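This briefing is for a reader who is new to the structure shown below. Please look over the sequence and the model before reading the points that follow.

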Amino acid sequence: MIKNILLVGLGGSIGSVLRYLCQRWMAYHYPHEFSWATFAVNITGCFAIGIFWGITFKSFDSNESWKLFLMTGLCGGFTTFSAFTLEGIGLLREQRLFLFFSYVAASVLLGLLATYGGMKLTR
């Protein structure tokens with residue numbers, strides 16, 4: 001268990017630093033009222049978790065450590081949006097369409113409401 005926590009923590013640390021650097025770079029080079037930096041990080045993270053999923057399930061089936069480090073840690077630290085999309089794809093692959101649409105809609109709407117609620121609460 002300790003090994004798994006360390007793998008997730010190490011990957012998460014690297015992912016968080018990469019997110020910070022990417023967002024700073026994008027904001028500097030592409031200043032705009034639309035958050036291109038967060039958008040780019042989210043899309044890049046989704047692409048990366050797709051690649052890591054493919055690699056780990058093809059090449060490292062018996063090695064849970066790589067999955068924890070790459071997907072939970074690195075991608076999770078980089079952007080939790082990638083985990084959200086991977087879980088959504090899992091529901092689609094299982095043909096659980098109602099649950100998929102419910103999960104996506106509830107996550108986005110409730111996430112927005114929770115953020116707004118937290119902001120209002122602290123004013």
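The model is predicted. The chain has five helices and zero strands, and 24% of its 123 residues are buried. A nonpolar surface patch of about 720 Å² and two salt bridges are among the features described here.

**Overall build**

- Read from the N terminus, the order of elements is α-α-α-α-α.
- The C-alpha trace spans about 50 × 40 × 30 Å along its principal axes.
- Of the contacts between residues at least 6 apart in sequence, 56% join residues at least 24 apart.
- Buried residues account for 24% of the chain, where buried means a relative accessible area under 20%.

**Surface and charge**

- Seven names make up the nonpolar patch of about 720 Å²: Trp25, Tyr30, Phe34, Trp36, Phe39, Ile43 and Phe81.
- Helix 2, which covers residues 36-59, gives the most to this patch, with three residues.
- Ile43, one of the patch residues, sits in helix 2.
- Ile43 counts as partly exposed because its relative accessibility is 43%, between the cut-offs of 20% and 50%.

**Salt bridges**

- The structure has two salt bridges.
- In one of them, the side chains of Glu64 and Lys67 meet with an N to O distance of 3.9 Å.
- Glu64 and Lys67 are about one helical turn apart, because they are three residues apart in helix 3 (residues 64-78).
- Another salt bridge joins Glu94 and Arg96, whose closest N and O atoms are 3.5 Å apart.
- Arg96 counts as partly exposed, because its relative accessibility is 42%.

**The loop between helix 3 and helix 4**

- Thr79 is placed in the loop between helix 3 and helix 4 (80-93).
- With a relative accessibility of 5%, Thr79 counts as buried, since the cut-off for that class is under 20%.
- Which residues does Thr79 contact, leaving aside its neighbours within four places in sequence? The contacts are with Arg19, Val41, Asn42 and Gly45.
- Thr79 and Gly50 are 29 residues apart in sequence, and their C-alpha atoms are 13 Å apart in space.

**The loop between helix 4 and helix 5**

- Gln95 lies in the loop between helix 4 and helix 5 (97-121).
- The phi angle of Gln95 is near 60°, which is a positive value in a residue other than glycine.
- Gln95 counts as exposed, because its relative accessibility is 69% and the cut-off for exposed is over 50%.

- Thr85 is in helix 4, and at 25% relative accessibility Thr85 counts as partly exposed.
- Between Thr85 and Val104 there are 8.8 Å in space from C-alpha to C-alpha, with the two residues 19 apart in sequence.
- Met119 is placed in helix 5, and its relative accessible area of 47% makes Met119 partly exposed.
- How many Å lie between the C-alpha atoms of Met119 and Ile5? The distance is 31 Å, and the two residues are 114 apart in sequence.

How values were computed
Residues are numbered from 1 along each chain as its sequence is written. This is a predicted model: local features need pLDDT of at least 70, side-chain atom pairs count only at pLDDT 80 or more; totals for chains, interfaces and linings use all residues. Side-chain values use heavy atoms; hydrogens and water are left out. Helices (H or I, at least four residues) and strands (E, at least two) are DSSP runs, numbered from the N terminus. Buried means under 20% relative accessible area, exposed over 50%, partly exposed in between (1.4 Å probe, protein chains only). Contact means heavy atoms within 4.5 Å. Patches are made of residues with over 30% relative accessible area and no salt bridge: like charges are joined within 9 Å, nonpolar side chains (Val, Leu, Ile, Met, Phe, Trp, Tyr) within 5 Å. Accessible areas come from the Shrake-Rupley method with a 1.4 Å probe; for residues, only the protein chains shown count as cover. A salt bridge is a side-chain nitrogen of Lys or Arg within 4 Å of a carboxyl oxygen of Asp or Glu.
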